[in-house]
Amino acid sequence: FIPTPLLGESYCKIPFPPHPTNLLSCFILCEDAGKEQCIFPLPEPQDLFQVSQLKFEEFNKDLRKLRKDLRACETEAGKVCQFSLEEHIQPFKDNMDKFISQAKTDHEMEEKSLAETHKSFLETAAYFCMKPKMGEKEVSLNAFFSIWHEFSSDFKEFWKKENKLILQERLKEAEEVCRQKKGKSLYNIKQKHDSGIKAKISMKI
């Protein structure tokens, strides 16, 4: 098995085919191989490529901008309430208070989620003994997932070929079973019993 944070512990086996051309050709799907319900066991190459284009700093930058915009919104809402007549404040004030309170809660949750994701990523990179490139403070998403994108792309090609071979083998086995059953039915001879007048007279005698 391949027990890694990215692949998990139940995705693949290494049964070593008779004539492996390289290490990747040894990896075969362990369940539903050659069946219609067979699902590619790794993240899709396109998904890994898209992740490799992301940057944690850009997410942090967007969250800082959202916090700034939220503060500006809260300030403007306060000014509206301050300079409005008492009879004109509601329901604007209650609606804005509710909106701003919920926005702050959502923003804090996003910041916490991003921090946890960032931490998990760095731990995963450390698991694979990856180090930052020259001039970088930490391993980037691009450096990490570009490697996995290439691996997943190559893996998928071998996975498709292997599943096709397994499907062909199963079809041959099914055809052989049908052929054997058909052959047996051709030689299944039943004894014919006479039922004419002569047979009835013979039985009486």
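Glutamate 138 is found in the loop between α4 (92-127) and α5, where helices are DSSP runs (H or I, at least four residues) numbered from the N terminus. This is a predicted model, in which local features need pLDDT of at least 70 and side-chain atom pairs count only at pLDDT 80 or more, while totals for chains, interfaces and linings use all residues. Residues are numbered from 1 along each chain as its sequence is written, and side-chain values use heavy atoms, with hydrogens and water left out.

With a relative accessible area of 31%, glutamate 138 is partly exposed; buried means under 20% relative accessible area, exposed over 50%, and partly exposed in between (1.4 Å probe, protein chains only). Not counting residues up to four places away in sequence, glutamate 138 touches His118, Leu122 and Pro132, a contact being heavy atoms within 4.5 Å. The side chains of glutamate 138 and histidine 118 also make a polar contact at 2.6 Å (a pair of N or O atoms within 3.5 Å; within protein, one must be able to donate a hydrogen and the other to accept it, and residues adjacent in sequence count only if both atoms are side-chain atoms).

A search of the whole structure finds 11 aromatic pairs. The ring centres of tryptophan 148 and phenylalanine 151 are 5.5 Å apart and their planes stand at 85°, so this pair is edge-to-face. Rings of Phe, Tyr and Trp (its six-membered ring) pair if their centres lie within 6.5 Å, with planes under 30 degrees apart counted as stacked, over 60 as edge-to-face and the rest as tilted. Because tryptophan 148 and phenylalanine 151 are 3 residues apart in helix α5 (residues 141-186), about one helical turn separates them. Ring pairs link a cluster whose members include Phe40, Phe121, Trp148 and Phe151.

| Lysine | Ring | Distance to ring centre |
|---|---|---|
| Lysine 156 | Phenylalanine 40 | 5.3 Å |
| Lysine 161 | Phenylalanine 158 | 5.8 Å |

How many disulfides does the structure hold? The structure holds 0 disulfides, a disulfide being a pair of cysteine sulfur atoms within 2.5 Å. Cysteine 81 counts as buried at 17% relative accessibility, whereas cysteine 178 counts as exposed at 52%.

In helix α1 (residues 45-52), Pro45, Leu48 and Ser52 are buried. They cover an arc of only 65° around the axis, which puts them on the same side of α1; the arc is that of the directions from the helix axis to the C-beta atoms.

How values were computed:
Helices (H or I, at least four residues) and strands (E, at least two) are DSSP runs, numbered from the N terminus. A charge sits over a ring if NZ of Lys or CZ of Arg is within 6 Å of the ring centre and within 35 degrees of the ring normal.
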